[in-house]
Amino acid sequence: GIRAGGNGSCAMVRGSIDENEARVSMSIHQPERHHLDRVGWLRAAVLGANDGLISTSSLLTGIIASAATRSTVILTGFAGLCAGSLSMAAGEYVSVSAQADAEAAETERERRELATDPDAELAELTAIYIGRGVSPSVAAQVAEDLHRSGALEAHLRDELGLSEHGAARPLQAALASAGAFACGALAPVIVALAAPRGVALALVVAVTVLALGVLGVAGARLGGAPWPRPTLRVLVAGITAMAVTAVVGRIVGTAI
């Protein structure tokens, strides 16, 4: 009876161990969901849409407040949309291209150093891991393994902080910025085009505030961040820009 009980206990222990191993295995093989792969295009898209909404609506509120004619308001809106989209695309392409050039230069430099002095590069990588708290023996083994399987990638990642997720993509950033700006600018332009003259200013402001709120929540959700703070930040910036431009438009319109 004691032996049977002992066997039963052993079986229960083995079953518990097997279940724990299965859970650990599942947790290892299940990929975690991250949002770093969205950083490049998300930054450009959010920046473009915010700029499109805020700059175009501010431009329109200033023109409407100056008592300009309806045709002038519509012309100003479409001109701002086109000019802003192209300006965003050009600015993003130039700035991100400069970043890509710098990354390419650093990559080539690391490639040369690995070819001319691999031992020094191995020691450098080992020192990086030791500095992060890894024991010297383990750090040396990890560095040697990485040098065999992908030395350049290891140095770019751990020495320079470069990764595939954060790589500069100029054309992608330019297209995302231009498209997002146009989408953001289109909302106040359509409102100015369709709204009666007496309520055009109020409707442009209302639609812009609503769109900014939606954009703030959407951007935070896509990036995996809490939405209240970024949404409030976008709303305050947009309302302030529209208010200041409307005041300037009213003053200039009255003066001329």
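1. Read from one end of the sequence to the other, the protein chain follows the pattern α-α-α-α-α-α-α-α, and its secondary structure comes to eight helices and zero strands. Here helices (H or I, at least four residues) and strands (E, at least two) are DSSP runs, numbered from the N terminus. This is a predicted model, in which local features need pLDDT of at least 70 and side-chain atom pairs count only at pLDDT 80 or more, while totals for chains, interfaces and linings use all residues. Residues are numbered from 1 along each chain as its sequence is written, and side-chain values use heavy atoms, with hydrogens and water left out.

2. For the chain as a whole, 31% of the 256 residues count as buried, where buried means under 20% relative accessible area, exposed means over 50%, and partly exposed lies in between (1.4 Å probe, protein chains only). Residues 24 or more positions apart account for 77% of the contacts with a separation of 6 or more in the protein chain, a contact being heavy atoms within 4.5 Å.

3. The pair of helix α4 (residues 118-131) and helix α5 (residues 136-158) deserves a careful look. Two packed helices are described by the angle between their axes and the distance between the axes. The axes of α4 and α5 come within 8 Å and cross at roughly 115°, which makes α4 roughly perpendicular to α5. Axes are lines fitted to C-alpha atoms, for helices over the stretch in contact, and angles run from 0 to 180 degrees between N-to-C directions; angles under 35 degrees count as roughly parallel, over 145 as roughly antiparallel, 65 to 115 as roughly perpendicular and the rest as oblique. The crossing of α4 and α5 is right-handed; a crossing has this name if the near helix is turned clockwise from the far one by less than a right angle, and is left-handed if anticlockwise.

4. The residues of α4 that meet α5 include P118, L122, L125 and I128, and among their partners in α5 are A139, V142, L146 and H147. By class, the contact of α4 with α5 has 13 nonpolar, three polar and five charged residues. In this classification Ala, Val, Leu, Ile, Met, Phe, Trp, Tyr, Cys and Pro count as nonpolar, Asp, Glu, Lys and Arg as charged, and the others, Gly among them, as polar.

5. P118, which lies in α4, can be followed individually. P118 counts as partly exposed because its relative accessibility is 37%. Leaving aside its neighbours within four places in sequence, P118 is in contact with E113 and H147. The C-alpha atoms of P118 and A151 are separated by 9.2 Å, although these residues are 33 apart along the chain.

6. A second pair, helix α6 (residues 170-194) and helix α7 (residues 200-222), has axes that come within 9 Å and cross at roughly 155°, so α6 is roughly antiparallel to α7. The crossing of α6 and α7 is right-handed. In this pair A187, P188, V191 and A192 of α6 meet L203, V204, V207 and T208 of α7, and by class the contact has seven nonpolar, one polar and no charged residues.

7. Side chains of opposite charge can pair when their charged atoms come close. A salt bridge is a side-chain nitrogen of Lys or Arg within 4 Å of a carboxyl oxygen of Asp or Glu, and by this rule the count comes to three salt bridges. In helix α3 (residues 70-116), R111 and E108 lie three residues apart, about one turn of the helix, and their side chains meet in a salt bridge (3.0 Å, N to O). E113 forms a salt bridge with R109, the closest N and O atoms being 3.3 Å apart; E113 and R109 are separated by about one helical turn because they are four residues apart in helix α3.

8. The remaining salt bridge joins the side chains of R148 and D145 (2.3 Å, N to O), which both lie in helix α5, three residues apart. R148 counts as exposed because its relative accessibility is 61%, whereas D145, at 34%, counts as partly exposed.

9. A last point concerns R250, which lies in helix α8 (residues 228-255) and is partly exposed, with a relative accessible area of 49%. Leaving aside its neighbours within four places in sequence, R250 is in contact with A65 and S66. The C-alpha atoms of R250 and I63, 187 residues apart along the chain, are separated by 8.3 Å.
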